Structures are given as structure tokens and as C-alpha cells.
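Here is a guided walk through a two-part question: how is each chain laid out, and how do the chains meet? Take a look at the model first, and then read on.

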Amino acid sequence: MEAVLKNLGRTVELLAVAAHSGVVNEWDEQTVTRAFHWARYCEHIYSRFHGNPVIRGVLEKQLQLTNHSLKEALPEYNAVSFLDLGRCQDLLLLWLLNNSALPISIMKMLFETKASADSTSSNYEDVRGLCSQIIQCKSACTVLRPLLDVPSVGADAEVQGEMLMEGLGTALSQSSDPRRAEDFLSSVLQEFEVAAEHLCPVIAAALLTTTDSAAQTAAQDFLLDWLQSRRGALQHVCTALPSKVLADLAKRHQKFRDAFCKLLKRWASEMEYRLTEGEWVHAATSSAVSLQKMTEHYLTLFEACPSLRTEIEDELKAQRIADGDYDVRGLSVWGDILLALRK
Amino acid sequence: MDFFKLKSEFACGKRQMTELQVQQTTAHWPNVQEMMPFWLEKAIAWGQTDTPDTRKDISLHLKRLRDFFQELLTEISSVSSTTETLNRLPLLGQLLGRLCWNPHVTAEGASRGLLLQCLLALYSEHPSNAVEGKANQWIQKVLCQLATDEEDGAAVALMKHLAVPTKEYHLKVLKKMVTRIQESIGNSRCSVSSTNKGCSCSSVWAASEACVPLITCPEASPLIGALLQQQMTCIREGLSENFLDALHSAYSRCDLLLDEQAVVSLWYQSLPSLEEAVLNLLVSATAAGSTPSKVEEQVSKSLLPKACAQHCSVFLVVNDIFRTVLKQTERNERVKNVFQAFTKCFFMELSRLQPQPSASLKAFFPQSPPSLLIPLFTMPSEMPQESLKNHLMWVSSSLQRLTEEDEDEEDSDSSNIRGNHKVFEAWFLLVQCAYWVQVAVQLLVTSGPENCGPLLWLLTFYHHPTNRWHHRASQLVQAKAAWDHLYSLFSIVARPLSADHLQSFISLLAPKPQQPSLAPSLTLNLLVNFATFGQLPQSTSAEITQKVVHQSGLQDEAARVLSLLRLRLNDRGSFASDRVHLRIEELHNTIKKTQM
């Protein structure tokens with residue numbers, strides 16, 4: 001454990017040097033490779049111990065100490081958090097590239113491009129050409145992105161959903177205390193607050209990942225419960241996502257199906273008929289849902305879960321009867337929905 | 001065999017020739033400075049919108065852009081300082097800066113590499129003024145942003161909380177995209193009936209166009225393969241031209257990672273790629289030092305026979321190339337051997353695909369005499385040994401009739417070239433099925449003088465098909481003479497070995513000044529077969545062979561002919577006894593000694 005702490009301290013110091021020191025000017029390929037090797041070591045430490053609260057505490061303490069002394073020596077130093085250790089190599093790369101003392105030889109090495117298709121990009125150990133490979137991946141994704149079909153969550157959200165599921169699964173399996181997993185979700189998803197529209201596809205994708213194990217199913221269940229427990233979260237998701245995705249979610253998860261149907265009913269009940277426009281309009285402006293959209297949701301839902309059709313239609317009929325069972329437009333939202341569905 | 005010259009006759013070569021010609025005939029090839037405004041304008045236009053038209057324009061210009069980068073790099077490297085470079089090329093910074101952010105340019109390996117190299121070449125190790133210092137800062141900043149900037153805040157958050165490295169994340173996304181696009185392409189079917197919906201095949205075209213920069217990207221190769229193998233049911237859309245062109249270029253550079261079926265599809269859709277593949281096979285199979293067994297190995301390793309069996313149109317192209325090559329290299333036994341090996345392989349693949357391959361032979365050989373197809377494509381191993389002779393008699397007489405008809409026509413109308421064509425096609429077919437000629441030679445040894453007429457005719461026809469150009473009639477006489485000599489040399493009666501007798505045979509092999517000489521491989525083939533299947537003891541046969549080969553100086557040809565015999569007898573289905581195999585071994589060693 002002592003050795004680990006010492007190495008951790010040394011590596012963080014190395015990072016600081018990479019970021020701020022002019023010494024970097026004398027670094028050669030070997031030095032850089034070794035630096036990345038140590039960064040990888042830290043990533044390894046993180047992945048081994050981040051679930052172990054005791055050892056994590058010890059590591060965080062060491063980190064605090066190192067940060068403190070580095071801050072005294074280098075005022076411009078930015079503290080490295082425990083979370084940062086998990087992506088130490090990326091941090092190293094970022095700080096190196098931002099260091100104006102970085103020699104051109106190292107830049108050339110990092111951005112080397114092998115023109116032939118022989119380059120095996122699965123070799124994580126290779127530092128040579130690392131940046132060129134990153135650029136290739138990112139550019140390839142940008143080039144291919146427009147080709148993907150629109151009524152789906154998108155490949156980015158899919159991968160992010162898978163990552164979320166994996167993280168959630170790990171958090172759940174590490175302790176029986178559900179607060180751990182909740183903390184995890186909160187901390188991850190709060191970052192989404194700024195980019196709220198990205199949140200919904202990711203959650204949807206997470207809920208749609210194929211589950212091979214009981215642990216994964218449990219994780220999805222947990223996420224569903226969390227979704228329903230958060231005020232407005234479910235509503236937000238159902239407003240933001242296309243009908244097809246919502247239908248797929250309903251097909252997959254009974255809980256979601258029930259909640260979604262309930263939501264649709266609630267939306268319908270909140271609608272008002274505006275004589276001037278001749279349209280049903282949603283009273284609350286926070287989530288403007290049109291009758292057309294609701295009809296679309298229902299129709300797509302029926303396609304995915306045919307058994308629902310009679311059930312829902314019966315409900316709608318019952319509501320229409322309660323409203324007086326008139327056959328005229330504009331009097332009962334339930335009647336008008338039924339009409340739209342029948343078309 | 002001048003394959004470069006040959007290549008110029010085919011589409012793949014023609015394009016190269018045109019490019020070379022354009023480069024040479026252009027009076028004034030614009031230099032880097034003159035081209036800068038053009039490329040800057042392009043870079044600006046490309047950066048403004050991302051529409052299918054823009055992407056098409058980029059794909060169209062990608063190769064030229066690469067060449068421009070190369071010239072740019074040379075120019076930058078030749079100038080001593082960045083200040084000087086920027087003086088000469090003031091628009092350079094703008095151009096590079098814009099193109100760095102164009103994913104279609106940076107996705108492609110070669111253009112990304114050159115672009116990065118240009119940037120790095122502008123970096124001054126010891127900046128001598130403010131301009132160079134600023135340039136350094138800018139270059140480092142651009143490089144840093146290219147490698148570390150993330151647009152997707154969600155991705156950043158997740159990567160941070162889940163400790164997933166950047167490279168791993170982007171690779172995952174790329175692989176996921178490739179999978180999803182492959183699925184959507186696999187599901188797209190052209191439904192002619194739904195005219196109001198619009199053809200979904202446009203998605204295939206769009207995907208192929210988008211993939212132009214990704215042809216050498218290893219992660220995209222499953223998608224490239226899927227695009228190539230997509231069933232083209234729609235007449236309106238197919239794969240984009242730029243896509244096929246780029247594939248062909250990468251294929252020529254051996255830079256393509258495709259699985260077998262994708263390569264077959266590439267050949268099916270890109271004529272230049274197919275031609276290039278065939279010519280490459282011919283070149284490597286006829287290279288110096290190639291033996292018949294090496295040829296067979298190369299042909300069986302090649303995917304071409306399989307591709308030909310799957311697509312008749314591919315076979316027709318390949319066969320046409322063979323036809324052209326044969327017309328120019330009639331006497332080249334090595335080339336003829338490649339054709340034979342190829343045809344055998346092709347027929348094997350065809351038999352794997354179809355239970356009755358003989359039924360479709362006409363489609364594959366539309367120009368050959370139909371009556372000869374099934375007889376020649378029946379393998380000798382598929383017939384009982386006793387029937388082989390009659391079979392060959394029939395083949396021989398059919399061919400004889402054909403040549404007689406043709407020669408009659410020739411006499412009556414000297415300008416008639418159509419008949420010549422029939423004989424050529426028959427001969428071409430025989431060359432491709434030359435295993436029957438080999439069987440004929442063996443039978444010439446084992447069956448005795450009463451049957452040798454038609455068999456000798458067949459053998460002579462193989463080497464000298466026409467009377468007019470190849471003097472078949474007089475060659476037949478010489479062939480008979482050679483056979484007579486060998487027959488008496490190798491018969492048990494003639495003892496001891498008469499030196500004169502041997503000498504007069506050897507003189508048959510020597511080239512004669514006044515008259516056209518018999519193809520040496522004909523005579524050597526007879527010799528080798530007599531030595532193997534004849535009744536003389538092993539040592540005597542070897543001795544005769546050694547003397548003939550040594551004195552005539554035809555060691556290499558003799559070795560080649562013996563290899564062919566050995567290959568044929570090693571084939572499964574041949575009825576060679578152990579004795580025969582031993583004799584061949586001995587002969588092989590004998591000839592080898594003469595080669596040293």
C-alpha cells in the first residue's frame with residue numbers, strides 16, 4: 001500500500017510537470033511513453049479501488065497532500081481529483097499539449113499517421129500516433145452520423161446509455177445501500193442539467209440495452225424507479241423523445257408502459273378546447289403536447305403492444321360516456337382522441 | 001511478357017495512361033501558389049454547409065487534394081523558414097486551419113497524415129520573430145483542440161464519471177454507428193411499387209458516398225463490405241462512382257481490408273479492379289522461377305476462380321483477358337499453363353456451387369464450339385481408364401473436322417476471317433482444358449503405333465493450331481518422326497543403346513534454319529512420358545533422358561514438362577502406380593543434375 005501511495009504521488013507530480021514545467025522541452029519518446037505508462041497505472045489503481053471506500057479514502061488523502069504541496073510550488077496548478085485518476089492518460093495528454101514547452105519531436109510522434117490500413121487501433125499501449133487515431137475516430141463518427149435513421153436515439157446516446165448501465169450496475173453491486181447508486185446517478189445526470197435534451201435519449205438508450213444478467217435487469221429497474229421518483233423527469237422524457245422510442249420503452253418495461261399510459265391520460269385530461277382555433281390545447285405551457293402528437297403516441301404504442309389497443313380504447317370510451325357520450329367534436333377530449341385513432 | 005504494355009489495353013491501365021498523359025501534355029502544370037485560391041475557396045465552401053452535394057464534391061476532390069498536400073509539403077520543407085513560407089503562401093494558414101476541421105478530410109488516413117505533416121512542418125523550433133512565435137502557438141493550439149476537444153457535454157460527463165478513456169469511447173461510438181448503418185442498409189429493399197415513398201436505395205448510395213474517406217479505416221471495413229455485397233435490385237441507384245474509384249485505388253495499393261465475399265463483390269462491380277487482379281495473377285504466376293506446382297498454388301490461393309464461378313460476367317471478363325493475352329503469347333507454355341490451372345480451379349468451384357455444372361457451361365463459354373464443352377470439361381479422373389482413348393479419338397476427330405471446314409472456307413474465300421475465329425476458339429478451349437492433351441501424350445506411349453494418328457494430331461494441334469500460320473501439316477510429319485524415334489529408342493527390342501539413333505533424335509530438337517521447328521515442349525513431353533511409362537528399365541530411361549536434355553540444352557523446359565506430369569499424377573483420381581512415381585522421382589533428379 002505504501003508503494004501504491006508513493007507511486008500515486010509521483011505520478012500526480014509528473015502530471016504537474018507535464019502541464020506546467022519547461023523541463024518537458026527535453027522529453028523524448030521514451031520519457032513520454034513512460035509517463036503514459038504511469039498514467040495507465042493510476043487508471044488501474046482507480047478501477048481497482050474506487051469501489052472500496054476504505055482504500056479510496058486513503059488514496060484521496062494522499063491525493064490531497066500531493067495537491068497541496070504542488071499548489072504551493074506551482075500557483076497555476078489545478079488539483080487532480082480522485083475521479084480524474086480514472087482518466088489519467090487523457091489528462092496527461094491534455095496537459096502536455098497545452099504546455100508551450102512541448103518539443104516538436106513529441107508532437108510529431110503523437111500525431112504520426114500511418115497511411116496504410118494496417119494500423120491496429122485496438123492497441124491501447126501505443127503512444128505513437130495516439131492523437132491521429134483519436135482524430136480519425138472522431139472524424140469518422142462525424143462523417144457517418146448523418147446516415148443514421150432519425151427515429152432512434154442515435155449511436156452516441158446508445159453508447160452513453162450502455163456506459164450508464166455499466167456504471168449503475170457496478171454501483172449497485174458494490175453495496176447493498178441504494179443511496180450509493182442514487183448518488184452515482186445524481187452526480188452523473190446533474191452534469192446533464194445544462195444539456196437536458198441529451199439526457200433523455202441516454203436514459204432511453206440505457207433502458208433499452210439488452211440485459212444479459214440479473215444484475216443488468218436490476219440496474220434498469222433501479223433507473224426506472226429513479227425516473228418515476230423524480231418530479232417531472234418522466235414527463236420530460238416523454239415530451240422529448242419520438243413516439244417510436246417511447247413505444248419501444250413501453251414494450252420493454254411494464255412499469256414504463258403503465259406510467260406512460262397514465263401520463264397520456266393526465267395530459268388528455270389537462271387539455272382545453274379553444275373555440276377560436278378549433279383545436280384542443282394543453283393548458284400548462286411547460287409541456288406543450290398537441291392532440292396530434294398524443295394520437296401519434298397512441299398509434300405507435302398500439303403497433304408495439306397490440307394488446308393495449310382494446311384496453312385503452314375501452315378506457316377512452318368509458319371516459320367519453322362519463323362526459324355525456326356526445327358524437328360531436330370539441331366536447332370531449334376522449335371522444336376526439338377516439339375519433340382520431342379510428343381514422 | 002510485357003505486362004505493362006498489356007495493361008494499357010485494359011480499363012485499369014487506360015485510366016493510369018490518361019492520367020499520365022494529362023500530366024505530360026498540360027503545357028503549364030499549375031504550381032502550389034497558383035492553386036491556393038482554388039483550394040481555399042473549396043475549403044470555405046465545404047465548411048459552410050454539410051449537404052449531400054458538398055460531400056460529393058469533397059469525395060470527388062479528395063485524391064487531388066492529397067496530391068496538393070504532397071506538393072505543399074515539399075514546398076514547405078524546401079523553404080528554410082516559416083516566415084519565408086508564409087510570405088510566399090499568405091493564404092496557407094487559413095487553408096490549413098479550415099481543412100483541419102473538415103471531418104471528411106481528417107477521416108481519411110493519407111489526407112489527415114499529410115495535413116498534419118504540413119502543419120507540423122510550419123512549426124519553428126527556434127522562432128526568429130513574432131510571426132513565427134505566433135504561428136507556433138496557433139499550431140499547437142489547433143493540434144491540442146483537434147485531439148482533445150469534445151463537443152458532446154454528455155459524453156464528457158459520462159467519460160469522467162465512468163473512467164472511460166477518450167479513444168475507447170470514440171471507438172465504441174464508431175463501431176456502434178457502423179453496426180447500425182449496416183443494419184439499416186441490410187433492411188433497405190427497393191420496392192418499385194411504393195413510388196410515393198421514394199426509393200430507400202438512395203440510402204445505399206448516400207452511405208457509399210459518405211464512406212469514401214473511410215475506405216482504409218479498419219473499423220469501417222464491415223460497412224464497406226456490406227455496401228459492396230448489397231443486392232443491387234434498384235436500377236436508379238447503386239454505389240457511388242467515387243466510392244468504387246476510391247476502392248480501386250486502395251486495392252491497387254494493397255491497402256484494403258476486405259473479407260473474401262466483399263472482394264468478390266468489388267470485382268463484380270469495379271471492372272478496373274477485376275482487370276488489375278487478373279493481370280497481377282498472371283504476372284506473379286509467370287514470374288521467373290515459377291514452377292507448375294507454384295502456379296497451381298497461386299491459382300488455388302486466388303479468389304478469382306471462386307468469383308468467376310459465382311458471377312458469369314466476371315468469368316467472361318477474365319476469359320476475355322486470357323484470350324487477349326493468349327493471342328499475344330501463343331508459344332508461351334508458362335502462360336498456357338496458368339490458363340489450364342485456372343480453368344481447373346474454376347470448374348471445381350463451379351461444381352461446388354452447382355450440382356450440374358455442365359448445364360451452364362454454354363453461358364460461360366458462349367464463343368466456344370458447344371459440342372466440345374462437355375467432353376472437354378469432363379475430367380479424365382471421372383472416366384474409366386479404358387474409355388479415355390475413345391474419348392480422345394472423338395475429341396481429336398471433332399477438332400480435325402472443324403479445322404478442315406475452316407481451311408476449306410479459307411481456300412474459297414481468302415478474306416474470310418470468321419472461320420479462323422472458330423478454330424481459335426476451339427484451340428483456346430483446348431488450351432484451357434490441356435489436361436486432356438497430357439492424357440493424350442501418355443496414351444501415345446502406352447497404346448502403340450496403330451492408334452497414334454489422331455492422338456499425335458491432337459498434340460500437334462495444341463502446339464501448332466493452324467496450317468496457314470503454324471504449318472500444322474508439316475509439324476505433324478515432324479511429330480510423327482519424333483514419335484517413331486522415341487518408340488524405337490524406348491522399346492525393349494532396341495539393345496544396346498545405339499549412339500547414332502540417339503543422336504538423330506537429338507538433332508530433331510535442334511532449331512533448323514530453313515523450316516519452322518517443332519515446339520520443343522512437344523518433343524520433350526513425349527520424351528518424358530516415354531521415359532516414365534515406357535518398358536525400359538529405370539536407369540536406361542534416365543540415361544537416355546539425361547543425354548538428350550544435356551545435349552540439346554533444354555534443361556529448364558524439360559524440368560517444367562516433368563513437373564507438369566508429376567503434378568497431374570499426384571492429383572487425386574489419377575491411376576499412377578508406385579513404380580511410376582519412383583520413375584518420375586529418378587527422372588526429376590536426373591534433370592536436376594543437368595541444370596547445375
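Chain B is assigned two domains, domain 1 (31-146) and domain 2 (467-595), with bounds that come from an automatic or database domain assignment. The centres of domain 1 and domain 2 of chain B, taken over C-alpha atoms, are separated by 68 Å. For chain A the assignment gives domain 1 (1-110 + 128-134), domain 2 (150-241) and domain 3 (253-342). Here the C-alpha centres of domain 1 of chain A and domain 2 of chain A lie 31 Å apart.

Before going further, a word on conventions: this is a predicted model, in which local features need pLDDT of at least 70 and side-chain atom pairs count only at pLDDT 80 or more, while totals for chains, interfaces and linings use all residues. Residues are numbered from 1 along each chain as its sequence is written, chains are lettered from A and ligands numbered from 1 in the order in which they are written, and side-chain values use heavy atoms, with hydrogens and water left out.

Chain B has 33 helices and zero strands; these are DSSP runs, H or I of at least four residues for helices and E of at least two for strands, numbered from the N terminus. Of the 596 residues in chain B, 52% are buried, where buried means under 20% relative accessible area, exposed over 50%, and partly exposed in between (1.4 Å probe, protein chains only). Among contacts in chain B with a separation of 6 or more, 71% join residues 24 or more positions apart; a contact means heavy atoms within 4.5 Å.

Now for the place where the chains meet. Chain B brings 62 residues to the contact and chain A brings 60 residues. Together they bury about 5,800 Å², 70% of it on carbon and sulfur atoms; buried area is the accessible area (1.4 Å probe) that two parts lose on being put together, summed over both. B:His161, B:Lys167 and B:Met177 supply 13% of the area that chain B buries against chain A, more than any other three residues.

What about charged pairs? Between chain B and chain A there are four salt bridges, each a side-chain nitrogen of Lys or Arg within 4 Å of a carboxyl oxygen of Asp or Glu. A:Glu158 forms a salt bridge with B:Arg180, with the closest N and O atoms 2.6 Å apart. Helix 11 of chain B gives the most to the side of chain B that touches chain A, with 15 residues.

Nonpolar residues deserve a look too. The largest nonpolar core holds 299 residues, and A:Phe111, A:Leu144 and B:Leu72 touch the most other members. Such a core is a set of buried Ala, Val, Leu, Ile, Met, Phe, Trp, Tyr and Cys residues joined through side-chain atoms within 4.5 Å. Leaving aside neighbours within four places in sequence, A:Leu144 is in contact with residues of chain B including B:Leu174, B:Met177 and B:Ile181.

B:Cys254 sits in the loop between helix 14 (241-252) and helix 15 (260-269) of chain B, and is exposed because its relative accessible area is 71%. B:His471 likewise has a positive phi, near 55°, and lies in the loop between helix 27 (467-470) and helix 28 (472-489) of chain B. With a relative accessible area of 36%, B:His471 is partly exposed.
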